[in-house]
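Keep the picture open while you read.

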Amino acid sequence: MRVVVDTNVLVAGLLSPFGPPGVIVRLVTAGRLSLCAYLEHRCTLAGGRTNPFDGDAQESIFEVSLGNLRAIDRLARAALQRVANTSHTTVSGGDVIAARKSLWP
């Protein structure tokens, strides 16, 4: 897996090892950064109790983002907004693809 981490996140993680950037730095340096763990972490920070992304959605996010954290965030947010406008409670791969098309036509 290829991961791109912004320099600001690395510096903030070193200065504040127990904050959200610190979690990302620990995951990267431990070599355990997976998309699932990252999405769960982001959902927890937002107050979520479960990960709303099914396996197909996570695979789609990874394929589109290529591990770029900013792209993961933008894509996940767009997919969540798309699902929030429906009666569904889980983000599917189709929702991710539709979000990608709206972000990057």
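## Starting at G55

G55 lies in helix 4, where a helix is a DSSP run of H or I at least four residues long (strands are E runs of at least two), numbered from the N terminus. At 53% relative accessibility, G55 counts as exposed. The cut-offs go like this: buried is under 20% relative accessible area, exposed is over 50%, and partly exposed is in between, using a 1.4 Å probe and protein chains only. G55 and I24 sit 31 residues apart in sequence, and their C-alpha atoms are 21 Å apart in space.

A quick word on where this comes from: it's a predicted model, in which local features need pLDDT of at least 70 and side-chain atom pairs count only at pLDDT 80 or more, while totals for chains, interfaces and linings use all residues. Numbering runs from 1 along each chain as its sequence is written, and side-chain values use heavy atoms, with hydrogens and water left out.

## How helix 4 packs

Two packed helices are described by the angle between their axes and the distance between the axes. Here, axes are lines fitted to C-alpha atoms, for helices over the stretch in contact, and angles run from 0 to 180 degrees between N-to-C directions. For helix 4 (residues 55-65) and helix 6 (residues 93-103), the axes come within 7 Å and cross at roughly 30°. That makes the two helices roughly parallel; the label covers angles under 35 degrees, while over 145 is roughly antiparallel, 65 to 115 is roughly perpendicular and the rest is oblique. D56, A57, S60, I61 and V64 of helix 4 meet G93, V96, I97 and R100 of helix 6, where contact means heavy atoms within 4.5 Å. By class, these residues are 5 nonpolar, 2 polar and 2 charged. Nonpolar covers Ala, Val, Leu, Ile, Met, Phe, Trp, Tyr, Cys and Pro; charged covers Asp, Glu, Lys and Arg; the others, Gly among them, are polar.

Now look at helix 3 against helix 4: the angle is about 105° and the axes are 10 Å apart. These two are therefore roughly perpendicular to each other. L35, C36 and L39 of helix 3 and Q58, I61 and F62 of helix 4 make the contact, which has 5 nonpolar, 1 polar and no charged residues.

## Into the core

Which residues of helix 3 are buried? In helix 3 (residues 35-45), they are L35, Y38, L39, H41 and C43.

The largest nonpolar core has 19 residues, and L39, F53, I61, L69, I72, V91 and V96 touch the most other members. A nonpolar core is a set of buried Ala, Val, Leu, Ile, Met, Phe, Trp, Tyr and Cys residues joined through side-chain atoms within 4.5 Å. Helix 5 (69-84) is one of the helices supplying at least two residues, and helix 5 gives the most, with 7. Leaving aside neighbours within four places in sequence, F53 is in contact with L39, C43, Q58, I61, A76, L80 and V91.

L75 is found in helix 5 and is buried, with a relative accessible area of 0%. Not counting residues up to four places away in sequence, L75 touches I61, V64, V96, A99, R100, L103 and W104.

D95 has its place in helix 6 and, at 14% relative accessibility, counts as buried too. Its side chain reaches the backbone nitrogen of S92 at 3.0 Å. Beyond neighbours within four places in sequence, D95 is in contact with A79, R82, V83 and T90.

Conventions. Polar contact = N/O pair within 3.5 Å; in protein donor to acceptor, adjacent residues only side chain to side chain.
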